[in-house]
Amino acid sequence: MSTTERRTGAGGRDLIRRPYFWGIIAILLLLLVNVLKDPSFLAVSVNSANGNLVGNLLDILRASAPILMIAVGMSLVIATGGIDLSVGSVMVVAGAVSMEFLKASGDSTSSGVALGALGLALAVSALLGVVNGILVSVVGLQPFISTLVMMLAGRGLAKVITSGQNTAASNGPFRWIANGYVIGLPVVVLLAVVVVVIVAVVVRRSALGLMIEAIGINPKASRMAGIRPRGLLITVYAVSGILAGVAGVFATASVMTVDVSRTGYQLELDAILAVVIGGASLAGGKFSMGGAVVGGLLIATLDKTIVFLGVSSSATPAFKAAVIIVLCLLQSERVRNLFTQRPVPTARAPKARAPKESVTA
Amino acid sequence: MTITMLPDPPGAETKSRIGRLTDVAARTWRTNLTTVPTLAAVVIFIAMMIYGELAYGRILQYNTLSNLLINNAHLVIIAVGMTFVILTGGVDLSVGAVIAFSSVAGLLLANAGWNPWVVMVLMIGIGTAFGVASGVLVQYFKVQPFIATLAMMFLARGLASTLSTTPERLADDSSIRSLATKLKIIDGEKVNDLVLTPGVLIAVLVVVVGFFVLHRTRTGRTVYAIGGSEQSAALMGLPVVRTKLWVYAISGTLAGLAAVVYTSRLGIAQNITGIGWELDAIAAVVIGGTLLTGGAGYVLGSVVGALVLGLMNVLITRDGGIRPEATTIITGGILLVFVLLQRALTARRRE
Amino acid sequence: GDDTGAGDELTTIGFVAVGPEGAWRQANEANMQETFTKEAGFDLKYAPATNLDQKSQIDAFTSFVDEGVDVILLSATEGSGWEDSLKRAQEAEIPVILIDRGIEPDATDLYATRIAPDNLQVSKSVAGWAAETFPQGANYFVIEGPAGVSVVNERNRGWNETIGAKTEFKKLGAQTANWSTEEAKSVFETVLKSNKNNVQLVFAQNDEMGLGAVLAVEEAGLVPGKDVKIATIDGTHNAVQALADGKLSFVAEYNPLFGETALDAVKKVLAGDKVEPYIIVPSLTFNSPDAAKTALPSRKY
Amino acid sequence: MTGSPPIVEMQGISIAFPGVKALDNVDFRLFQGEVHTLMGENGAGKSTLIKALTGVYRIDAGSILIAGQGRRLNGTADAQAAGISTVYQEVNLCTNLTIGENVMLGHEVRGRIGVNWRATNKAATEALAKLGLGHLNPRRPLSSVSLAMQQLVAISRAMVTDSKVLILDEPTSSLDANEVDGLFRVIRRLRDQGVAILFVSHFLDQVYAISDRLTVLRNGKYEGEYLTRELDRTVLISKMIGKDLAALKSLGSNRQTQERDRTVIPLVKATGIGRTGSIEPTDLDLHRGEIVGFAGLLGSGRTELARLLYGADRPDSGEVEIDGKKSEIHTPVDGLEHRIAFSTENRRDEGILGDLTVRENLILAVQAKRGWARPLPRREQDAIVSKYMAALNVRPADPERPIKNLSGGNQQKVLLGRWLATNPELLILDEPTRGIDVGAKAEIQESVAELAGGGVAVVFISSELEEVIRLSDRIVVLKDHRKIGEIINGPDVTAQEVVDIIAAHGEAALESDIIDPDGKDSTA
Ligand SMILES: Nc1ncnc2c1ncn2[C@@H]1O[C@H](COP(=O)(O)OP(=O)(O)OP(=O)(O)O)[C@@H](O)[C@H]1O
Ligand SMILES: Nc1ncnc2c1ncn2[C@@H]1O[C@H](COP(=O)(O)OP(=O)(O)OP(=O)(O)O)[C@@H](O)[C@H]1O
Ligand SMILES: [Mg+2]
Ligand SMILES: [Mg+2]
C-alpha cells in the first residue's frame, strides 16, 4: 500500500491524519467482534491434503478481490471528478462473454481456451469503458448519466449475450483463476495484489496520477496548462472497465456460472463506498489507492462478519448502514477535533469548485 | 511616436446596427440557456405521445392519460424533492428506501388501530426525519451527499425489513385509502374515463409549491446559489447551512408524502417497495434538464421527466414485442438519446 | 381490442410478466411465448417487470386495460396490492388469469383462474424428505431469497410447518444469497466455518443457491451429498444434473411448463365456459441420483 | 475623526494555519467616515485579517469590537447582520445566476407572492448604476460578462445594503482607470455619508488618492498605523518590505527607445484571426525579443485576442504563421507545442489547481508538454521549483503546501513560474501583475524585460496603462473587440495619449464614415 503514497509518515500522529485510518480501525474492530464470537476466527491453518492455507482471513481476502478491482478503477475515475456506475454491469458482461465462450468451446481442460475467454472478456470490458470515456469526454455528457446508461444497457447486453439464461460452463484453468492456489495462497488474492500494485506503480511512477488529479480539481485550468483531457479520460474509464472485467472474471470463475441478474448487481455502490471510506472526495482531485484498498477490505470484512455473526437477512442493511455512519462520523473533522483539540477556521473554505462548463460537466 | 490607425471595415456602421439586433437576440438566447433543456424535454414528450398514438393507438385518450398521472404521482413527488437536492449539487439516494420504511411503519401503526390521519402525518414525519438525518450528516459532518444518503438508504431498508418482511395490508375501510379515491371528471365508455385521485392533486400541489419556493423565495434562490458555488454563497452571507438542511429535509418529507400517496393506491406496504426508485427520480430530474452538478434546472422539467419515464414504460408495454433482455437496453438508450438531444440543443445555442 | 390492428382474428393477450430472474422464470415465460403464437391465433404482448418492481407491473397492467386487450395473463412479482387493478380490468370486461403467483387476499371473484404449482406443497415435500432422511434430526441452514419476497415467505412457511415443529432439527440460521450462486457460495463457506463444519442439511430455496452451497462444501474439503445434504427447489437442468452426480440430495420441481394448461384456460374463458378457480400444476420431486438420471433426458429446462 | 470611538477595533489578533502564522498579534482600528487602507506585501496577512473580521476564520487569540461591543462573528451572514459588507479578494459570485440575482441575493424585494422580480431587478439596476453600470441588463447571466465586470458586480452587491462598514479587498486589481475613478467617486460619497471603508490595494497611486489612513502589516505582524498624507511613499514601501528597495528606483526604466528591424520574418504572423462574437479578424506580427502591449478598455477584446494566439479558444477565421510556417493552433496543447505560453487573468478558475501543491502547480505545464508517460524526474522538478520560487520570491517557500493556501499574489507568482519553466518563445501575459505587491511587480517587470532581451517574444496585457507603456516596444490598441491601431512606443508616448486615441476612435470613425466613405483616417 505504501508504494502508492508519496510521502509516508512514520509517526502515529501522521497515521491518524490519513483519511483511511478509521477504515483500518473499523476492520480491526470487526475482526475483534468476530473473535469475540469465536476465538478461533483468525486462525489460519494448512490444509493437510494440499498444503493450502485456509481460514476466515483468507476467505475475506478472496471475497475482497473483485471489490478491490472495481474500487481501484473507481478511485481513478472519481479522481477525475467523475463516477462509474457501470462497473457492476461491466462485470456481468465480462462474465457472460467468458462463460458463453467457454461453453461454446466445450473444452474443459484447455488453458488456451481459458486465456481466450479471459482475453475476450477483458477486451469487451475495455470497449465498454472506452464508450463511457467517449460519452464523458468527447460528447461531454455528465459521468453520472453516461455510466448510468451503460449500467442499464450493460446488464441488458449480458442478457442478450446469454439469451437471458444463467450460463454455466466448465473449464479447469479458468476455474483455477478464482479457486486455485499457488504456494498455498489463493490465486485470486495474488492476482488482485499484482493488479493493484501494477496500477499503483503505473499511476504514481508516471505523471498519470498528477494529471488525473489536475483534471478532477479544475478541468479548465488543466486544459489551459496543456493537459489533454480527452485521451486521459478515455484511458481512465477504459482502465475502470478493464478492472471491472477482471472483477467479473473473478466473480464468475469462482462458481463457473454467470447470473445475468445478480452478478455484480449493485457492486458499484460497494466500490464507491470503498473509495470514499478510503478518503477520496467524490468531487474529484487527490486520490489514494491505499485508501481504496482499505475501503475494499473493509467492505469484504463487513459482509463476512454479517454472515459469521448470523445477522438475519432482514437486518443486514441496517447493520451495514450503522457501520458506514459511524465511520463517516469518525472521519469528519468535527468529530476528529474532539480528539485532537485543534482550533480551525469556522468555515474551511471548501475547494474552489470547478467551473461549470467543464469537460466533464 | 508612430501611430498606425486601421481603417474601419466598410459598412461597419450598418453592420453594427444589424449586429446590435443579433446581439440582442443572442443575449435573449443566452439568458434562456438554462430553459432550453427543459423545453427540449417537453417537446420530446409531446413527440413521444404523438408517436405512440400513431404507432399503437389509444394513447391520447382519457384513461391512458389519467393513468399516466395516477401511476406516476409518487414519482413526480419524489422527483420534485430530488430536484431541490440536485440543484444544490447533492443527490438523495435514500428516497426509495425511505418510502419503504415509511409505508411499512405507517401501515403497522394503522393496523394497530391508530388514527389514519395521525398515521399519515407520521409517515410524512418519518420521511422528514430521514431527510434531516442526511442533511445533518452532509452539513455538519461533511459526509458527501452520495455516501450520507446511501447510508440512509441502507438504514431505511434495513429498518423496514426489521419491521416486517411480509406485505402489510391496509384495512379496506381505512381512510388512508381515500387518497386514492377515483374522482371521475368525465365518464367515458367502459374504463375510458378521465379520472383524478387526491394523490394526483397532491402531486400537482407539490409541484406548484416547489416551483414557488424555488423561484419566488430567498430560500429557493439560495438553493440555486449553492449549486452555482457553495463557497461563494457562504461568502455572500447566504444561509448555506440552513438551506442545505432544508433541502434534504424537503426531499425526505416528499419521500414520506410519496409513501402516503403510493400506499393509499396499493393498499399494501412492503419492505421491498421502492427499490431503484431513486434512480428513476434522478433520471426524471436529468431528463427534465437539471444539471447534476447543480445550479441549473426547473421543477417543471422534473415533472416532465417523470411523465416521460412513465410514458416510455407505457409505450414499451404497448409494443409488447420487445424481448425482456432488451428492455433495460431500451431504457438506457432512450435516456441516452434524451441527454444527447439536450446536449446538441444547448451546444448549438452556446455558439 | 379488435380495432387495434389489421389482423382482427388474432386474440390479443397482455402478459404481465416477471422477466429475467433465473432459469425457472426463463423456462416458464419462454414456454408461454411458445404457446401463444400467431399461428395459434394469438398476439401475445409481453411486458416484463423492471427490477422485479411491482410498480412496473401495475403500470403494465393498467396499460393493457387502457389498451383493451382481450385477456390478461398476470405473473405477479408480489401477491398483494392488486385489488384495484383487477377491479378495473373487471370493469373493462377483461378476464385475468393468474400465472404462478396468487393474490392476497385471495378474492377469487376478481380473476378467472389461477394456474400454478403450489409453493407450499413443494416446500413441504422438501421438508418431508428431510424428516425422512434425518430421522434423528440434523443441524440445518436455510439459504433464502431476498427478505420479503413472497416466494421466500411461502417456501419458508411450507418448510417451517413441517420441520419447525421437530425439536430434533436444529436451525443454525438463515441468510439471504439473493438467488445467486456466487453469493450462496460465499455465504455458505462462512457458515461452515462459523459452525465448524457441523452442518448436515441445507435447504436452498432455489437451484442456483443450492449449487453455490455445493461449491462451498467441496471447497471446505467435505463431500456434498454425504457430509452435507443439500435440497433445492425448482428442478432446473443443472440441478437435476447435480443430483444425478450425487452433489445435491433432493430436488423438488416447481414445474414451469404449463403453457398448454394456460392455453386451454384462455380458450375456455373467452368462450365463456367455467374454469376451476385454481388449477394446480403437478410438480415432481427427485430424491435420488437414479431418479434424476432417468428424468434427465426428458428435462426441458 | 479620532474623537469618536472606532466602529471596528481589533486587538491582538492571531491566526495560525498549519505551518504559517498568518496573523501575529495584530491591532487594527477603523473609524466612521474614513477610508482606511490595509497595506502589505503579498502574504502579509491582509486578506486573512479581513476574513477574521468577517468571521470566515476563527481567531486563535485577540478580540474584535464592533461599535464598542465584543463580537463573535460566525461567517459572512453574521457580519452582514452587524452592518459589515465585504467584497473579498477573489470574485465570489454565482456564475449560474443572472447579474441582478447576484447583486440582490439575500436582499430580494419581496412582494405579495414571494419575490417580486421586477422590483428586484430594478433595485439591482439602481445599485449597478451607482458604479456607472446602469446600462447593464440585470437579466443577463453573470457568466456572459468579463471578470472585471464581475468584480464591479460584486462591489455593487456590497452596496445594496446600508452598511456601516464596507470592506473592499483589492477591488481595483482588474479595473481600468475609468472604472477606478467611478469606484472612487462612490467610495468618497459613502465616506462622506459616514460609512467606514476598509480598502486594500497594491497600487500606491490609488492608495494615496483615496485613503485617509493606512495600517501596514508585515509578515503577519502589525507594523503601524499612519495618516496617509503624513507618510512618504518611499517610507511606506520600506515599512512594507522592511528595507529600502533600490530596485524600485529602476521602475522608471523604459525600453521605449528601442528600434527594431521589422522586415525579418516575425516569430508569429497572424493574418485575420478572429472568432465570431469575441474578436473581429485581426492582423498581428510578433517578433522575437519584442514586448507587445495590448491596450484597451475593459471588454475591448484584449483577453480574447490573446486566447486565440495560444489556442485557448479556437479561431474561426484567419491563419497563423510561426517562423514563416503555417501552423494550426486550436488548443492549448497546440499552443504549448509551438512554445507559446499563456498566463491567464482568471487565476482562480483557469489558473491554479487549488488542491495540488505549489511544486505540482509549477511543473504542470512542463509535464503536460512531456506527456504522462515521461514523468519529470524528481531532481529536475526540484531544480525548477527552487529556481522559480527563488526568482519570483514565492512565500512561504514551502513547495509542498497546497497552492490554495497561498495568498493571492503568491499564487500569481507561481503561475508565472509555471509558464517561464516551459521556456516559451512567445510568452503571453494577461494581467500578470494583478494583485502583486509593488516590490514583486518591479521584479516581474524586470524579468519580463530580461526575457525579451533573451529573445523571447512577449505579449503584455495590463489594465494599468502606465505599466504597458513602460514595458512595451509596441502597443496594439483594441476597442470594441477590434484592433484599431498600433503605436510604436517612444519616449513621447503617454498614457493620456493612448486613452485619447481610444476615446477619439469611435467618433472619428463615425465622422469619417460620413465624410469619407472609405473610412480612411490616420493620426500621426
Ligand atoms: N486557508 C489557508 N490555509 C493555510 N494558509 C493560509 C490560508 N489562507 C492564507 N494562508 C497564509 O496566510 C498568509 C497570509 O495570507 P493573506 O491571504 O492574508 O495575504 P494577503 O496579505 O492578502 O496577500 P495578497 O496581497 O497576496 O492578497 C500567507 O502566508 C498564506 O499562505
Ligand atoms: N459591455 C459588454 N457587453 C457584452 N459583453 C461584454 C461586455 N464587456 C465584456 N463582455 C464580455 O466579457 C468577456 C471578456 O471581455 P474581454 O476579454 O474582451 O475583456 P478584456 O479586453 O480582456 O478586458 P479585461 O480582461 O480587462 O476585462 C467577453 O466574452 C466579452 O464578450
Ligand atoms: Mg489578499
Ligand atoms: Mg482581459
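Select chain C and chain A together: 13 residue pairs, both members at pLDDT 80 or more, are in polar contact between them. A polar contact is a pair of N or O atoms within 3.5 Å; within protein, one must be able to donate a hydrogen and the other to accept it, and residues adjacent in sequence count only if both atoms are side-chain atoms. This is a predicted model, in which local features need pLDDT of at least 70 and side-chain atom pairs count only at pLDDT 80 or more, whereas totals for chains, interfaces and linings use all residues. Residues are numbered from 1 along each chain as its sequence is written, chains are lettered from A and ligands numbered from 1 in the order in which they are written, and side-chain values use heavy atoms, with hydrogens and water left out.

Next, display A:Asp38 and C:Lys196, a salt bridge whose closest N and O atoms are 2.6 Å apart. Chains C and A have 5 salt bridges between them (a side-chain nitrogen of Lys or Arg within 4 Å of a carboxyl oxygen of Asp or Glu).

Now widen the selection to the whole contact (heavy atoms within 4.5 Å), which takes 29 residues from chain C and 33 residues from chain A.

Finally, select chains C and D: no contact joins them, and their closest C-alpha atoms lie 37 Å apart.
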